[in-house]
Amino acid sequence: MAPPRPRSRPTTRAMRARAAASSDRIPPDVLFDVLLRLPARDLCRLRAVSRSWRALASDPLFVAAHAARHGGPLFLAKFRDDKTSVYAVDLSGDVVKRVAAGAGGGPYHRLLCTRLDLGCLATDWNRVAATGEHKVLRMFNRLGFHNGGQQIFEVFTINGGTDHARWRGRQGPGLFIDECSGVVVDGVVYFLTSRVYEGAHCGIRPDYIVSFDLGREEWMRDLRGPISSNAGYAKVSLYTRRQLALAELKGSLVLADHYHQPFTMDLWFLSDFRSGLWVKQYHIRIESLNLRSADEYHEYHLKPLLVLDDGRLVLYLAPTGRLFICDPGTSIFIQLDMRRLDSVGVYTGNLLNSEEGERV
């Protein structure tokens with residue numbers, strides 16, 4: 001009698017087919033409730049089980065319900081020990097999703113602010129800013145201010161059809177801007193003026209702000225910052241642009257004003273663009289960060305990223321690559337347990353979106 005043949009191990013395709021067949025027998029309401037409890041990281045993997053699971057996990061009603069249940073803030077981050085990937089991380093430092101940055105993820109590329117489900121990578125010489133309308137503004141420096149050069153601006157519409165599938169040149173604002181200071185609020189990109197004006201006695205104040213409307217693709221009128229609006233020019237001239245930073249918090253344009261005697265930071269919110277009214281909402285003492293001198297304070301720039309639901313602030317301390325949570329009432333800082341960051345931005349999209357969630 002011939003010996004029995006050994007059973008062959010099922011292939012991966014066969015195992016997936018069995019899992020898909022089993023999953024299709026689960027009642028839809030039960031499946032909805034079970035998947036709703038899972039974090040986005042696991043759901044992104046489980047969508048491959050079957051078409052029905054993928055359809056459910058990508059359904060707008062399910063996506064909205066999952067976002068309401070798992071509402072913690074997420075960040076897109078590039079880490080210093082991995083130049084080829086972009087990560088979605090939560091406040092605990094856990095990686096929710098990893099996306100290969102492809103050809104754009106080289107060591108000279110930085111992650112800029114994000115909008116909806118998109119994140120932009122740019123070189124230090126080709127800065128971009130994105131809006132919810134999927135437009136991108138980039139700029140180039142040619143020769144430089146002291147050599148009689150110029151800054152060139154171009155706009156591109158993502159998925160805007162063949163008529164817009166090219167970079168469109170736009171006129172500059174008439175002033176050199178600080179290309180690293182850009183921030184987007186309601187479809188408008190705001191910039192501080194360039195540091196080349198420091199000490200130039202040209203009347204350009206450190207908190208002077210220029211803005212570009214991405215919808216109309218044109219520069220808006222210039223904006224006077226809160227420091228020069230509330231003090232004489234003699235006092236304003238003592239400021240340097242290294243002490244100032246722009247941010248978007250709670251849907252408003254914010255100017256962060258850093259002091260080094262003592263070490264403090266004021267956050268001014270733009271209340272009304274037409275009148276140029278600014279309101280100071282936060283005054284934070286930052287001695288607990290152990291900045292030992294004024295020179296070290298200038299080197300370690302603190303940038304606000306997000307206001308949490310409980311009123312605490314998430315702050316990025318560059319170039320240390322660290323994130324902190326600060327209680328503005330007590331000025332107590334807690335460092336987040338996370339790998340060293342190269343660049344970071346708040347992620348306002350949803351990782352369950354089937355197509356956009358895969359793109360960075």
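Reply: Start with Arg138. Arg138 counts as buried, at 15% relative accessibility. Buried means under 20% relative accessible area, exposed means over 50%, and partly exposed lies in between (1.4 Å probe, protein chains only). This is a predicted model, where local features need pLDDT of at least 70, side-chain atom pairs count only at pLDDT 80 or more, and totals for chains, interfaces and linings use all residues. Residues are numbered from 1 along each chain as its sequence is written, and side-chain values use heavy atoms, with hydrogens and water left out.

The partner of Arg138 is Glu154. Their side chains meet in a salt bridge, 2.8 Å from N to O. A salt bridge here is a side-chain nitrogen of Lys or Arg within 4 Å of a carboxyl oxygen of Asp or Glu. Arg138 lies in strand β7 (residues 135–142) and Glu154 in strand β8 (residues 150–157), so the pair ties together parts 16 residues apart in sequence. Strands (E, at least two residues) and helices (H or I, at least four) are DSSP runs, numbered from the N terminus. Glu154 is buried too, at 17%. By this rule the count comes to 10 salt bridges.

Side chains of opposite charge can pair when their charged atoms come close.

Next, Glu217 and Arg170. The closest N and O atoms of this salt bridge are 2.5 Å apart. The pair links distant parts of the chain, 47 residues apart: Glu217 is in the loop between β12 and β13, Arg170 in strand β9 (residues 168–170). Glu217 is buried, with a relative accessible area of 12%. Arg170 is partly exposed, at 29%. The backbone of Glu217 deserves a look as well. Glu217 has a positive phi of about 55°, although it is not a glycine.

Now Lys280 and Asp266. Their side chains meet in a salt bridge at 3.7 Å, N to O. Lys280 lies in strand β18 (residues 277–285) and Asp266 in strand β17 (residues 263–272), so the pair ties together parts 14 residues apart in sequence. Lys280 is partly exposed, with a relative accessible area of 42%. Asp266 is buried, at 3%. Back to Glu217 and Arg170: salt bridges that share partners join Lys135, Arg168, Arg170 and Glu217 into one network.

Asp266 has another neighbour to check. Leu255 touches several residues, including Asp266, Leu267 and Trp268, not counting residues up to four places away in sequence. Contact means heavy atoms within 4.5 Å. Leu255 is found in strand β16 (residues 252–260). Leu255 is buried, with a relative accessible area of 0%.
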